[in-house]
Amino acid sequence: MAEFGLTTALPVLLLLTSLVPAAVIFLLPEERERTRRTINMAGAVAKVALTGVAIAGVLAGIEYEWRRTLVPGIDLVLRIDPIPLLFVTLSSLLWLTTTVYAIGYLERGERRSRFFGFFSLCVTATIGIALAGNLVTFLLFYELLTVATYPLVVHQGTRRALLGGRAYLLYSVTGGAVLLVGVAWLHALAGPVEFLDYAPLAGLADTHRTALTLIFVLLVGGLGVKTAIVPLHGWLPQAMVAPAPVSSLLHAVAVVKAGAYGIVRVVYDLYGLALVAQLRLLVPLLVVASVTIVYGSLRALVQDDLKRRLAYSTVSQLSYIVLGVGIASLAGVTGGLMHLIHQGIQKVTLFYCAGTLAKTLGVTKVSQLDGVGRRMPVTMTAFTIAALGMIGIPPTAGFITKWHLGLGGLAAGQGWVVGVLLLSSVLNAAYFLPAIARAWFRRPVATGAGPAAPERGRERDPWLILPGVATGASVLVVGLLAGAPLSPASWAATIAEEVVGP
Amino acid sequence: MGLTLSLLALPALGAIATALATRRRPALAMVVTTATLVAGLVHARAILTDGAVTVVVGTDRLAAVLAADGLAIGLVVLSSAVLLAATGFATAQRATMGPPLASFWPLSLVLLTGLHGLFLAGDLFTAYLMLEVVAVAGAVLVAFGGGHARLVAGTRYFYAELVASVTFLVGTALVWSVAGTVVIAELPGQLTGSTTGRVALALLTVGLLLKVPVVPLHFWLPAAHTLAPSAVSPLLSALVVKSAFVVLLRLWITGAPELTATAVAPLVGALGAVAILWGGVSALRATPVKVVVAYSTVAQLGLLLLAVPMVVDGSAEAWVGGVVHAIAHALPKAALLMAVAVLAHQLGGDSVDHLAGAATRRPIAAFPIGIAAVSLIGLPPTGGFVAKWYLVVASISTGQWWWAATIVVGSLLTAAYLARLLQRSFAAVPSDAASPRPRGRAPDVIALTLASAGLLLGLYPNGLLRLLEVGAPLGGVAHG
């Protein structure tokens, strides 16, 4: 093994900044509130700092890699490449904000030790997924994510929570099993294959076309469960019974993102865009993504439960990433990659706000939103910005995504994609704008459900409010500064040039 | 030679000592088991550097042959470790669950002697003797808790074992008449040529399948494993069921490697597949937690048999997958049985519903259930995953993809029936729940340790794989 320096240690340290807090928090008695808070925050801040170090290092051309032989012929590999760095940055920043939010959200005595223990474990798995240098390492953390998230989904222990948890577990374990078969088949066929090493598979393209196609279907099918691709999405709306911080984790930071990220890795870094195109798999991917985008939006339209509406919105929005993967042009790849970030910050904002509304005003349905804008202006402003981003109105982050995807579709000769994007934007507007309009333009209902809180001082708890403000603002900043260096958009553009090739 | 024999002598002497001792039996049993464990580890080190050893005790054609290869020593270390945990568990529980009968200590050491003998057995006659030792000790351990139901279960268990033993003995005698030897390593090519030889092979196989047990010969298992005292069930489910499988593996792979071309191996695999599905579905439907776990054992044993047709096909991956599973399954299964025993006692009942809120009320006892579930489903990073990985890869590379499909369905069934336990554990604490009975933490910690060991096996499987490679019939996966 190479000498122990920062180049090997950094990927491991990125994991340890949440793994160690997880272990310590599990052992911590329930009532040690302060200590737990300190450990949580220290871990989250340390991870963001380390991410900064990684960005600086990668820009300076340093290659970070940690490697250990698991069993003969199979290595565990953690590497910081450009695409992983994109995902790590998203997760570590949103982990920080979500930790703050969760500390504000959970009541005393709500089994916080267990919650934050699994919460940290969840993020550890996500970072592992991001940094995985081959499929086996990816699979390991992918399954760990399933296991670590389950206790969070069922956290409340109610009947609905348990049913949601069961759906989540059975869908995910099935997806994981399908993925395992794909990974094992690939291993049997081509031996150990690492990401960004295209030679082994390209060499098989002529002789094992069918096998490669079937393996691709298994891999994407397995990953499609977490990505909530229709018809594998059934668990996601059910899992929204989880507490709001968990929903943020599921919908933006970790779970669904891990699935979409996996598809990105399989297409760009395992098969390579050229091979997938050669196997004629891009168009099927586009079709599946388009169906999911439209179907998710249509279902979102008829949900009165706010979180459920947001859940179907996730089903739809997540497939923008898959759509980008299927568009073989510079702009298309750029659009898909940047949406990894854009969808994350937009959706996390929406869930923070939905959680805050439910907690402060008892509002959980769209039909209860009347006048909420006046009662909680800060929260609703953040919500509105994020929703406008989802619709794709300039200058939000979501607009930049749709712009690139549309251009990409035209450039790749798939003009119909623009139609899908327009239709989806109309639908997005149809399910977000009425909700926003209610909140700002209708009078508050005197008989509002929930606790009769005083009119002033509702938005005083900084732990609950600031995360949404920060991520909401970032939706605007990221959109306005899309052309600046290091913005998600220009970062994605740089990667896209590598992916598409000369 | 002395080292190999000590693996039998230490527990045998320990059994006598604990039987004769009038006090401090638990401490004595712990010391003996620890010493056996250390001897096993030293032996493992020795064969890792010097290769497998064959020890011949006695002279002439009646000599007993002990084959100390990686598989045998791996299982020896495993069984000493699990017995150590079970002994600790039995000792720690005395405060809350009443003292186990004094005969637990000597009997469990007799059982350990028999298990070690079976794992090491290089000839069929030694194997027969050790099968008897295990059967007698096992049946008495099931029944000794007292009560009519246990007596019935223990007796049925003993009868099943007896039929199996007799079948095995007749097979052994026939082998002797055909080949003039019962040393397994000298058998290749001698059995499949004649009708008598083939009948002998069939009898030996049926006897062993009954002992494993394999569906449809599993009828005695659920009652025996469920009613056995809580320190005994882990020994039965984690260890005893593996012993007959090892003999089967040796008989087929070492003794009759020419079986490749026959249809018998796929038949054994098919029995395994049926066991996986039948056991899984039965576990889904069972109400008492221990019955769920017992059917889980039936299903997991099917996974072992599933490896046989691929091993016979010459797949080193399948061999590794099978034997890693034999070892990896033991740790979470023992942990699971201990954890559910503790919870059943503390929460006042043994049905799945009694687990309601266990994760909140007794987190340290409930945690092993979670870790064990991850292992048994075969999710990474656990020993169960390593086994499943090799079996799936073997199935694909030998072109026998239907085994991979069965394994996947089996994992999903496992997830489904273990999810029932997890679902209840994570449920809100029932309002009418009585406060849990007081108890020490030691049993929880022992279960947690075993479950964690299963996890570590998945993170650091290399040592185990290297050990299993020593004297392996098909070579290891490293150079395969």
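Tutor: Start with contact: two residues are in contact when they have heavy atoms within 4.5 Å. This is a predicted model, in which local features need pLDDT of at least 70 and side-chain atom pairs count only at pLDDT 80 or more, while totals for chains, interfaces and linings use all residues. Residues are numbered from 1 along each chain as its sequence is written, chains are lettered from A and ligands numbered from 1 in the order in which they are written, and side-chain values use heavy atoms, with hydrogens and water left out.

Student: OK, what is Ser296(B) in contact with, leaving aside its neighbours within four places in sequence?

Tutor: Ala283(B), Lys333(B) and Tyr417(B). Ser296(B) itself sits in helix 11 of chain B, residues 289–312. Helices (H or I, at least four residues) and strands (E, at least two) are DSSP runs, numbered from the N terminus.

Student: Is Ser296(B) buried or exposed?

Tutor: Ser296(B) is buried, as its relative accessible area is 1%. Buried means under 20% relative accessible area, exposed means over 50%, and partly exposed is in between, with a 1.4 Å probe and protein chains only.

Student: Now the two chains. How many residues of chain B are in contact with chain A?

Tutor: On the chain B side 34 residues, and they are in contact with 35 residues of chain A. The area buried between the two chains is about 2900 Å², and carbon and sulfur atoms give 79% of it. Buried area is the accessible area (1.4 Å probe) that two parts lose on being put together, summed over both.

Student: Which element gives the largest share of the chain B side?

Tutor: Helix 16 of chain B, with 9 residues. By class, the side of chain B that touches chain A has 28 nonpolar, 5 polar and 1 charged residues. Ala, Val, Leu, Ile, Met, Phe, Trp, Tyr, Cys and Pro count as nonpolar, Asp, Glu, Lys and Arg as charged, and the others, Gly among them, as polar.

Student: How many salt bridges are there over all chains, then?

Tutor: The search finds 13. One of them joins the side chains of Arg250(B) and Asp69(B), at 2.9 Å from N to O. Arg250(B) lies in helix 9 of chain B and Asp69(B) in the loop between strand 2 and helix 3 of chain B, so the pair ties together parts 181 residues apart in sequence. Arg250(B) counts as buried at 9% relative accessibility, and Asp69(B) counts as buried at 10%.

Student: Over to chain A. What does Arg67(A) form a salt bridge with at 2.9 Å?

Tutor: Glu194(A), going by the closest N and O atoms. Arg67(A) is in strand 1 of chain A and Glu194(A) in the loop between helix 6 and helix 7 of chain A, so this pair ties together parts 127 residues apart in sequence. Arg67(A) also meets Asp75(A) in a salt bridge, at 3.1 Å from N to O. Arg67(A) is partly exposed, with a relative accessible area of 27%.

Student: How do strand 1 and strand 2 of chain A run?

Tutor: They run antiparallel, joined by 7 bridges; two strands pair if DSSP finds at least two bridges between them. Val71(A) stands opposite Ile74(A), and Tyr64(A) stands opposite Ile80(A). The two strands form a hairpin with 2 residues between them, and Gly73(A) in the turn has a positive phi of about 90°.

Student: Why is strand 2 of chain A called largely enclosed?

Tutor: Because 6 of its 7 residues are buried.

Methods: A salt bridge is a side-chain nitrogen of Lys or Arg within 4 Å of a carboxyl oxygen of Asp or Glu.
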